[in-house]
Amino acid sequence: QVQLVESGGGLVQAGGSLRLSCAASGRTTFGSYAMGWFRQAPGKEREFVAGISWSGGNTYYADSVKGRFTISRDNAKNTVYLQMNSLKPEDTAVYYCAQRASLLATMGPEEYDYWGQGTQVTVSS
């Protein structure tokens, strides 16, 4: 029904940048939906990173990434982006995009209906 595919992950040195993309396809892409980015490091719980409303006018960020990460979306392309700057080793994780059938984003993973497969981001010291 809905498929989300992340891309853009990789290995980067501390202080570097990456831009993640999440391409959405399926029936829900023709309706209203909010998007979020989450991440999960080995041995840790999945945590909220950033969220964006359908219009793009409302964004949310985890305290740990404020000022460094920027979430954006291009609804015409059915794509959501996460620009990550000033990366730190503690940002190392698998990053997932998720979709919620609502205009507004939330911070709880349980509020999202669809998930991508994830893309690995590794930040070296």
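A residue is called buried here when its relative accessible area is under 20%, exposed when that area is over 50%, and partly exposed in between (1.4 Å probe, protein chains only). By that criterion, buried residues make up 43% of the 125 residues in the chain. The model is a predicted one, in which local features need pLDDT of at least 70 and side-chain atom pairs count only at pLDDT 80 or more, whereas totals for chains, interfaces and linings use all residues. Residues are numbered from 1 along each chain as its sequence is written, and side-chain values use heavy atoms, with hydrogens and water left out.

**Overall form**

The chain has 0 helices and 11 strands, where helices (H or I, at least four residues) and strands (E, at least two) are DSSP runs numbered from the N terminus. The C-alpha trace spans about 40 × 25 × 25 Å along its principal axes. The radius of gyration, taken over C-alpha atoms, is compared with a globule rule of 2.2 Å times the number of residues to the power 0.38; for 125 residues a compact globule would come near 14 Å, and the 13 Å of the chain agrees with this. Contact means heavy atoms within 4.5 Å, and among contacts between residues at least 6 apart in sequence, 59% join residues at least 24 apart.

**Strand pairing**

Two strands are taken to pair if DSSP finds at least two bridges between them.

| Strands | Bridges | Facing residues |
|---|---|---|
| S1 (residues 2–7) and S3 (residues 18–26) | 6 bridges | Leu 4 and Ala 24 |
| S3 and S8 (residues 79–84) | 6 bridges | Ser 21 and Tyr 81 |
| S4 and S5 | 5 bridges | Trp 37 and Ala 50 |
| S5 and S6 (residues 59–61) | 3 bridges | Ala 50 and Tyr 61 |

Because 5 of its 6 residues are buried, S5 is largely enclosed by the rest of the structure.

**The disulfide**

A disulfide is defined as a pair of cysteine sulfur atoms within 2.5 Å, and a search of the whole structure finds 1. The bond joins Cys 22 to Cys 97, with an S to S distance of 2.0 Å, and the link is right-handed, with 55° about the S-S bond. Cys 22 lies in S3 and Cys 97 in S9 (residues 93–100), so the pair ties together parts that are 75 residues apart in sequence. Cys 22 is buried at a relative accessible area of 1%, and Cys 97 is likewise buried, at 0%.

**The nonpolar core**

A nonpolar core is a set of buried Ala, Val, Leu, Ile, Met, Phe, Trp, Tyr and Cys residues joined through side-chain atoms within 4.5 Å. The largest such core holds 34 residues, of which Trp 37, Leu 82, Met 84 and Tyr 95 touch the most other members. Elements that give two or more residues to this core include S1, S3, S4 (34–40), S5 (47–52) and S11 (119–124). Leaving aside neighbours within four places in sequence, Met 84 is in contact with several residues, among them Leu 18, Leu 20, Phe 69, Tyr 95 and Val 121.
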